[in-house]
Amino acid sequence: MAATPISSAANKLTDQSPPLPLHATAARPSAAILSFSNSSISIQKLAISATSRNLSSRSSVVSVLKTARESEQASQPRNSDPEVKSPKPTILVSEKLGGAGLDLLRSYGDVECLYNLSPEDLCAKIGEFDALIVRSGTKVTRQVFEAAKGKLKVVGRAGVGIDNVDLQAATELGCLVVNAPTANTIAAAEHGIALLAGMARNVAQSDASMKAGQWQRNKYVGVSLVGKTLAIMGFGKVGSEVARRAKGLGMHVIAHDPYAPADRARALGVELVSFDQALSTADFVSLHMPLTPTTDKLFNDATFAKMKKGVRIINVARGGVIDEDALVRALDAGIVAQAALDVFTKEPPSKDSKLVQHENVTVTPHLGASTKEAQEGVAVEIAEAVVGALRGELSATAVNAPMVPPEVLSELAPYVNLAEKLGRLGVQLVAGGCGIQSVKVVYGSSRASDNMDTRLLRSMIVKGIIEPISDAHINLVNADFIAKQKGLRISEEKLLVDSSSESPIDSIQVQISNVGSKFESALLDNGNISIEGRVKDGVPHLTRVGAFSVDVSLEGNLILYRQVDQPGMIGTVGTILGESNVNVSFMSVSRTVTRVKAIVAIGVDEAPNKETLKKIGEVPAIEEFVFLDL
């Protein structure tokens, strides 16, 4: 099909870039709240009275929301008494919060501090409040949201993790959830450095020894930090600050993070390396990665076996990234000389924990964010987010509830899953330690570019790229913000194609530039990884890999391989999969020239085991292959 460019490199993620139009209609208007959990879409209709308009800035969004609120208030009976004012929002604080944050909250609403509430008491009280602020101790369950009976508008989590908040229930019941992800960055980095230095010089052990009346100078000889290699696993906000401080101590700093911006690493004098290279060369390993299915117990027996003997490990991130039993074995074997841990799989750990009691382990009770300054900073950050949400403002720290006009949602719903799948597929094709910095999305459509709102699709592509290796929750509100934090630049291009005008989009192409590829056939002549997909009968399909046309449903999992084009290959690979009881759902073959090269895409219902994948890779005519978990 002939394609004519309409707009190129549009809407790059800069502070000056205007968002695409968001429409609100005056006649029985509504905004849709979506949950992106597992790419399912659940819609809660919220009545909003607003004037139909295009929004070109955040202030415009706020203006519409304020207009909606004022219109709703105008429709209510007014009290004739001029002394009676509209009631202030009510805010419940269920755990201790810094004074500066409380002062900010009190300047806007009526604040009640009720600590140590039982689940039953919380459910009984929550219906009285517009907002709830918690830390990690309060469980905000579906029962809490249901007990609020629609009164609760926002939940603020004072900190980063939101494991104690039921996001799905919050979204379904129209409650915004915000957190405070940045205020404790410096505190966590400083604690990491404190553990690093204290471990290297046996500060905790020698202190305990002296208090026991001993003088053991020879036993507690330490190691120097100058000239040693520190590997930072996870080069985000905290990891970057640790690197900055470690450089000041004279250490050589390397880092592994698939999404770390190379320019930021260079600016700090940090070398980005592969995961295995980081393990094999580091004298010290500092963990700063989120706990996700990918990183759960990532540091296990196999991982420790790849490390230099005598390595030292620091963890101020999440306890679950370490297999604690495996760490004890590595310590006993001398593979790991020492460990300094602030976080644990179960908190608090058991009193008889072998890891906690190990003589070569230094432990602290999750103190990473425990400075007076950090606690005040978190309090202010969450208070600002909650007050902004109560005012109807968009929050960059929102972790749910993106707002999309229902007419846009209904049209783009079939493409939401495709967009996320393409993002997930693309990121798994990336090789090397340089990280993803630039992504181009090309939409093929028969409609003019000014008649297509792609914010939702762009958000889903960002979600697919970032979320598998991050604890960030991506949605329409925070997608661009998080992408910018990760150093990920998204540009969009819309091509006018000859297709049905009934469908808003004919195809979506995702190009990732300046990276290596695990599957070279996915590269275009310009060196970009390129994948393209379409929706067919409501199901997302992969239709192009690099320059090769394919046609395979993006359901289950996917095997891609390049082979010598010869008879019997489909049967050979099919037999290997069949012997492992792996069911093939789709298969597509794309050839360059008959009997020369072919690209094969196979959709499988189950994930093949390592032995099965090894057998496929050992087929002589297969030149390269990759397994993709969708």
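1. Start just after helix α6, where N202 takes a positive phi of about 55°. Helices here (H or I, at least four residues) and strands (E, at least two) are DSSP runs, numbered from the N terminus. The model is predicted: local features need pLDDT of at least 70, side-chain atom pairs count only at pLDDT 80 or more, and totals for chains, interfaces and linings use all residues. Residues are numbered from 1 along each chain as its sequence is written, and side-chain values use heavy atoms, with hydrogens and water left out.

2. Helix α6 itself covers residues 185–200. Its 16 residues should span 22 Å at 1.5 Å a residue, and the end C-alpha atoms are 23 Å apart, which agrees. The expected span is 1.5 Å times one less than the number of residues. Of those 16 residues, 12 are buried, so α6 is largely enclosed by the rest of the structure. Buried means under 20% relative accessible area, exposed over 50%, and partly exposed in between (1.4 Å probe, protein chains only). Among the buried residues of α6 are T185, H191, I193, L195, L196 and M199.

3. N184 sits in the loop between β8 (176–179) and α6. Its relative accessibility is 14%, so N184 counts as buried. Beyond its neighbours within four places in sequence, N184 is in contact (heavy atoms within 4.5 Å) with V160, A369, A374 and V378.

4. Helix α8 (residues 237–248) also passes the length check. Its 12 residues should span 16 Å at 1.5 Å a residue; the end C-alpha atoms are 17 Å apart. G239, S240, E241, V242, A243 and A246 are its buried residues. They pack against α6, β9 (229–233), β10 (252–256), α9 (262–267) and β12. G250 follows α8, with a positive phi near 85°.

5. Now the open sheet. Seven strands run in the order β11-β10-β9-β12-β13-β14-β15, with parallel pairing. Two strands pair if DSSP finds at least two bridges between them. β11 (271–272) and β15 (361–363) stand at the edges with a single partner strand each, so one side of each is left without a neighbour in the sheet. Within the sheet, β12 (residues 284–287) and β13 (residues 311–315) pair in the parallel sense over four bridges. L287 stands opposite N315 in β13.

6. Strand β6 (residues 131–134) is buried on both faces: A131 and I133 point one way, L132 and V134 the other, and all are buried. β6 pairs in the parallel sense with β4 (residues 90–93) over three bridges. With β7 (residues 154–157), β6 pairs in the parallel sense over four bridges.

7. L331 belongs to helix α12 (residues 324–333). Its relative accessible area is 5%, so L331 is buried. Setting aside residues up to four places away in sequence, L331 touches V336, A337, Q338, A339, L355, H358, N360 and V361. L331 and G310 are 21 residues apart in sequence, and their C-alpha atoms are 9.0 Å apart in space.

8. Backbone geometry deserves a look. Most residues other than glycine have a negative phi, and most peptide bonds are trans. E347 and P348 are joined by a cis peptide bond, with omega about -5°. P348 is in the loop between β14 (336–341) and α13 (354–357).

9. Two further residues have a positive phi. N514, not a glycine, has a positive phi of about 60°. N514 lies in the loop between β20 (507–513) and β21 (516–517), and N514 is exposed at 63% relative accessible area. D537, again not a glycine, has a positive phi of about 55°. D537 lies in the loop between β22 (529–536) and β23 (539–545). At 83% relative accessibility, D537 counts as exposed.

10. Last, the surface. I570, V584, M587 and V589 form a nonpolar patch with about 280 Å² of accessible area together. Such areas come from the Shrake-Rupley method with a 1.4 Å probe; for residues, only the protein chains shown count as cover. Strand β26 (residues 584–591) gives the largest share of the nonpolar patch, three residues. V589 lies in β26 and counts as partly exposed, at 39% relative accessibility.

Conventions
Patches are made of residues with over 30% relative accessible area and no salt bridge: like charges are joined within 9 Å, nonpolar side chains (Val, Leu, Ile, Met, Phe, Trp, Tyr) within 5 Å. A salt bridge is a side-chain nitrogen of Lys or Arg within 4 Å of a carboxyl oxygen of Asp or Glu.
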